[in-house]
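Colleague: I have a few questions about this fold. Please show me the sequence and structure.

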Amino acid sequence: MQQTFRLVIDCPDQVGLVAAVSQFLASHNATIVEASHHTDLQTGRFFMRHEIRADSLPLSLEAFRSVFKPLAEQYKMNWRLADSHQKQNVVLLASHESHCLIDLLHRWHTNELYCDIPCIIANHPHMQQFADWYNVPFHWVDFQALGKDKAFAEIHNLLNHYQADLTVLARFMQILPNQLCEALAGKAINIHHSFLPSFAGAKPYQQAYDRGVKLIGATCHYVTSDLDEGPIIEQEVMRISHSDSAADMVRKGKNCEKQALANGVRYHLEDRVIIHQHKTVVFA
């Protein structure tokens, strides 16, 4: 994979922004291999993502940050610069259902997801079989024995121990406490079916089947203290017909969940997502 530096910017919109950044890059002989821009007309914010060939620059990542800083301050930018060759640590959280966990592990194993997975944490011990198959350290956190407060404290300690850059709730069916949500703000991703809030509670697919829904899907979003209401990264939908049973809907819904979560994780790892208020800009 070609090494690039990813420059991601969020700032007040004004005339000359693109020209100023382009002139800066040109002055350092930078070769841009991908460029994306967006202006939110309602809030007056400008968003930019550039991928720059690392070998075209006479600067290291830290030197680039240093010389770009005055321009960023001039235009009041929120900005970040990342090296595409630096892998992020992604910790996976799981419960009873395995489809999202296995899908992410397979994509990681085949290098579709460029990251490290230092561990899997689950509140069901049978998930260890999948961690063992992929040779990933496994931690079972027994919520019944520990109680929720101590269990989540242990999870938080494990995330810190493994220096998690991103935490993925791969159908992890415990509600994160507010303190942990705040600690993981912008660094934790969840997946859920598309029936919320219409069909909440047990057996949502059966409820949807009983109502004769024609579309099912899944939503991938960042975790916040507002349950299942964080900024949306990706969604998948699939049309359902009258001939589909409730079991068919579950099967198809799982495919939506796997695809939406995998895309959302990849977009995050590739610095394609900018959180803006309660939504996202995704340069997919």
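Colleague: Which residues does histidine 276 touch, leaving out those up to four places away in sequence?

Modeller: This is a predicted model: local features need pLDDT of at least 70, side-chain atom pairs count only at pLDDT 80 or more, and totals for chains, interfaces and linings use all residues. Residues are numbered from 1 along each chain as its sequence is written, and side-chain values use heavy atoms, without hydrogens and water. Contact means heavy atoms within 4.5 Å. On that basis histidine 276 touches Asp40, Thr43, Arg45 and Phe47.

Colleague: Is histidine 276 buried or exposed?

Modeller: Buried means under 20% relative accessible area, exposed over 50%, partly exposed in between (1.4 Å probe, protein chains only). Histidine 276 has 6% relative accessibility, so it counts as buried.

Colleague: With which side chain does the side chain of histidine 276 make a polar contact?

Modeller: A polar contact is a pair of N or O atoms within 3.5 Å; within protein, one must be able to donate a hydrogen and the other to accept it, and residues adjacent in sequence count only if both atoms are side-chain atoms. For histidine 276 the distance is 3.0 Å, and the partner is the side chain of threonine 43.

Colleague: How many disulfides are there?

Modeller: The rule asks for a pair of cysteine sulfur atoms within 2.5 Å. The count comes to zero disulfides. Take cysteine 220, which is in no disulfide: the nearest cysteine sulfur is 9.4 Å away, and belongs to cysteine 100.

Colleague: What is the relative accessible area of cysteine 220?

Modeller: Cysteine 220 is buried. Cysteine 11 is buried too, with a relative accessible area of 0%. For cysteine 220 the value is 0%.
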